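Please look over the sequence and the model below before reading on. The paragraphs that follow are meant for someone meeting this structure for the first time.

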Amino acid sequence: MYSDLQLTEDRPVYIQVKDYLKRLMLKGGLQPNQKLPSTREMSTLMKVSRSTILLAYAELEEEGLIYALKGKGNYVSTLIETQQTNAIHWQLDWTAEVSDYAIQAEQYDLMKHGSGAERGEISFTSIAPDEKLFDLQNVKRAFLDRMSLEGEVLLNYGYAQGYKPLMNYLMNYMENKGVDLTGKDILITNGFTEGFDLVLGALRKKSGKALCENPTHHTAIKNLKLHQFQLTGIDMEPDGLDLKQLEQQLAGSAYDLAYLVPSYHNPTGIVTSPAKRTEIIRLMNAYQVPIIEDGFNEELRYSGSHVSPLIASMGKGNGLVYLGSFSKVLFPGLRVGWIIADATLIDYLESMKRARSIHTSTLDQSLLYQYLSNGNFEKYLKRARTEYKRKYELAVHCLKRHLPMCQISGAGGLHLFVQFPPEVRTRELLAACKVNGVTFTPGDTFYLEPGQGLHTMRLGFSRVSDENIRKGIRIIGETVASMMN
């Protein structure tokens, strides 16, 4: 006893000693009224300093877990006996207690049921930014700047709508993208996912039906289904969704909303053309179907001119809800996103936000604001865009070399979408590639109906080294060739 204490470097040693002794007491290794070794003896047994033991004993005494008798030493308190005696080992079958919502959420959980990468594998599954590009020095400076100005405020409760300086910055940022802010307002959220969940929860279900591109963002599919929407997918063309198919669906049935990713679409990477954007807005207005726009990867265009978000084509119109985030460009760990929408809707969303999570971390919001207002974003974005463009071009080159039979789509962002000949089944390909240490995301994950997209895959390149991009795509090409022979 006492010699099996395993110390780590991330916590004060006296706290680790205190917790170790507390666990012994709760598990019955130390009994009520049992005398503990002296501080000198315990320090020898545990191979720590005597002052460490003194601090640990003082903490245990303050918690009422030990008591001291003058001239005799320290003893385990009878409080431990009470806790041990009163412990009720009550067992429930939680699989029978969880709701249908929880069951569905688990079933749709791609992180659990997807093709996760093992250590050492070349993984093309991620579309997160490359942490090697993170601007740590300026992030640290921004944190210290903001804490020195209002640290006490930042560590207290904040406002449900958001941190005012960041709200103002983002409103100006969206206005510079061409958005008419007349009659609109903003709500800060915990990334895209919370914003999407709030909007879906706020909209009244009349038909219970929603439109989206097919394929589309898996997280969006999951949340739409969890909110009990029946989904109708519109096929994608090289310049955006099929407008004839869209109009047929709108004419044939009533829809409560349309979820669209017009820029660097996930998973196809397609950018909807300006002409199609105008027609989409016209059709949705004609049939009075509100649009939820996912501003996914808008900043990461590698060729041609910048494409403004769909909301910039709305003028003073209020039929579109825009969901924004820097998660794919800056720092996803901060979990800061935003909603731009009609002020009346934002008012309701603010109350829903307050009921669910009170507010997004003010510390995170203020850090992001200070980093942005210090002028770091433009410099970082230029560097990140240069690096991702280089990786993008390398991945395209390798795909054309090793998979010449495939169609590649993607005009920007952090991934490419690959369509194989129909006879190639990418889930079978994935199983074969994993044997050789390569993983990717099968494309059928992003389609609405079983049996669709079985010959497609999404290839994320942002966090893969140049060497592994070359090697991984070569292995995929060789594996496809062996399967087709």
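This is a predicted model: local features need pLDDT of at least 70, side-chain atom pairs count only at pLDDT 80 or more; totals for chains, interfaces and linings use all residues.

Residues are numbered from 1 along each chain as its sequence is written, and side-chain values use heavy atoms, with hydrogens and water left out.

The secondary structure of the protein chain comes to 17 helices and 16 strands, where helices (H or I, at least four residues) and strands (E, at least two) are DSSP runs numbered from the N terminus. Along its principal axes, the C-alpha trace spans about 90 × 60 × 50 Å. Of the 485 residues in the protein chain, 50% are buried; buried means under 20% relative accessible area, exposed over 50%, and partly exposed in between, with a 1.4 Å probe and protein chains only. Among contacts between residues at least 6 apart in sequence, 74% join residues at least 24 apart, a contact being heavy atoms within 4.5 Å.

Two helix pairs show how elements of the chain are set against each other. Helix α1 (residues 13-26) packs with helix α3 (residues 50-62) at an angle of about 50 degrees, and their axes are 8 Å apart; axes here are lines fitted to C-alpha atoms, for helices over the stretch in contact, and angles run from 0 to 180 degrees between N-to-C directions. The two helices α1 and α3 are therefore oblique to each other, since angles under 35 degrees count as roughly parallel, over 145 as roughly antiparallel, 65 to 115 as roughly perpendicular and the rest as oblique. The crossing of α1 and α3 is right-handed, a crossing being left-handed if the near helix is turned anticlockwise from the far one by less than a right angle, and right-handed if clockwise. On the α1 side the contact is made by Val13, Tyr14, Val17, Lys18, Leu21, Lys22 and Met25, and on the α3 side by Thr52, Ile53, Leu55, Ala56, Tyr57, Glu59 and Leu60. By class, this contact of α1 with α3 has 10 nonpolar, one polar and three charged residues, where Ala, Val, Leu, Ile, Met, Phe, Trp, Tyr, Cys and Pro count as nonpolar, Asp, Glu, Lys and Arg as charged, and the others, Gly among them, as polar.

In the second pair, helix α9 (residues 191-202) meets helix α13 (residues 343-357) at an angle of about 115 degrees, with axes 10 Å apart. The helices α9 and α13 are therefore roughly perpendicular to each other, and α9 passes α13 in a right-handed crossing. Glu194, Asp197, Leu198, Val199, Gly201 and Ala202 of α9 are in contact with Leu345, Leu349, Met352, Lys353, Arg356 and Ser357 of α13, and these residues divide into six nonpolar, two polar and four charged.

Helix α17 can be checked for its length. At 1.5 Å a residue, the 19 residues of α17 (residues 466-484) should span 27 Å, and the end C-alpha atoms are 27 Å apart, which agrees; the expected span is 1.5 Å times one less than the number of residues. The buried residues of α17, including Ile469, Ile473, Ile476 and Val480, pack against β3 (122-123), α15 (376-402), α16 (426-435), β14 (438-439) and β16 (456-460).

Several loops hold backbone details. The peptide bond from Asn214 to Pro215 is cis, with omega near 10 degrees, and Pro215 lies in the loop between β5 (209-214) and α10 (218-226). A cis peptide bond also runs from Asn266 to Pro267, with omega near 15 degrees, and Pro267 is in the loop between β8 (257-260) and α12 (274-286). Tyr264 lies in the loop between β8 and α12 and has a positive phi of about 50 degrees although it is not a glycine; Tyr264 is buried, with a relative accessible area of 1%. Arg335, in the loop between β10 (320-325) and β11 (337-342), has a positive phi near 50 degrees, and at 34% relative accessibility Arg335 counts as partly exposed.
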